[in-house]
Amino acid sequence: MKILGNIVGVVLLLIGALWTLQGSNVLAGSAMSGQSQWLYIGIVLLVVGLVALYWTNMRKPMPRR
């Protein structure tokens with residue numbers, strides 16, 4: 001489960017970074033470039049990705065019986 005959480009967190013970070021860069025018009029060449037809504041959506045995805053990574057890696061493992 002930890003591997004899946006890390007994969008999801010990293011994917012969210014990468015997509016969020018891409019959308020943030022496109023929304024802030026750093027990466028041009030798409031319909032999303034220069035659109036502020038994609039900047040905000042990207043920032044939200046970055047935060048969600050960071051929270052997912054933190055939550056996945058900071059949980060205490062359940063004790064085995």
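How many helices and how many strands are there in the protein? There are two helices and zero strands. Both kinds of element are DSSP runs numbered from the N terminus, where a helix is H or I over at least four residues and a strand is E over at least two. The radius of gyration is 15 Å, well over the 11 Å that the globule rule gives for 65 residues, so the protein is more spread out than a compact globule. That radius is taken over C-alpha atoms, and the rule is 2.2 Å times the number of residues to the power 0.38.

Before we go on, a word on what you are looking at. This is a predicted model, where local features need pLDDT of at least 70 and side-chain atom pairs count only at pLDDT 80 or more, while totals for chains, interfaces and linings use all residues. Residues are numbered from 1 along each chain as its sequence is written, and side-chain values use heavy atoms, with hydrogens and water left out.

Now the overall picture. Along its principal axes, the C-alpha trace spans about 55 × 15 × 10 Å. Of the 65 residues, 25% count as buried; buried means under 20% relative accessible area, exposed means over 50%, and partly exposed is in between, using a 1.4 Å probe and protein chains only. The accessible surface comes to about 5100 Å², and 72% of that belongs to carbon and sulfur atoms. These areas come from the Shrake-Rupley method with a 1.4 Å probe, and for residues only the protein chains shown count as cover.

Let's start with helix α1, residues 2-23, and find Thr20 in it. Is Thr20 buried or exposed? Thr20 is buried, because its relative accessible area is 14%. Leaving aside neighbours within four places in sequence, Thr20 is in contact (heavy atoms within 4.5 Å) with Trp38, Leu39, Gly42, Ile43 and Leu46. Its side chain also reaches the backbone oxygen of Gly42 at 3.5 Å.

Val11 lies in helix α1 too, but Val11 counts as partly exposed, at 41% relative accessibility.

Next, please follow the chain into the loop between α1 and α2, where α2 is residues 36-58, and stop at Asn25. Asn25 is partly exposed at 46% relative accessibility. Its phi is near 65 degrees, a positive value in a residue other than glycine. For background, most residues other than glycine have a negative phi.

Ser33 is found in that loop between α1 and α2 as well. What does the side chain of Ser33 reach? It reaches the backbone oxygen of Leu27, at 2.9 Å. Ser33 counts as buried, with 15% relative accessibility. Apart from neighbours within four places in sequence, Ser33 is in contact with Gln22, Asn25, Leu27 and Ala28.

Tyr40 counts as exposed, at 53% relative accessibility, whereas Val47 is partly exposed at 47%. How far apart in space are Val47 and Leu13, C-alpha to C-alpha? They are 7.9 Å apart, although 34 residues separate them in sequence. For Tyr40 and Gly9, which are 31 residues apart along the chain, the C-alpha atoms are separated by 18 Å.

Technical notes:
A polar contact is a pair of N or O atoms within 3.5 Å; within protein, one must be able to donate a hydrogen and the other to accept it, and residues adjacent in sequence count only if both atoms are side-chain atoms.
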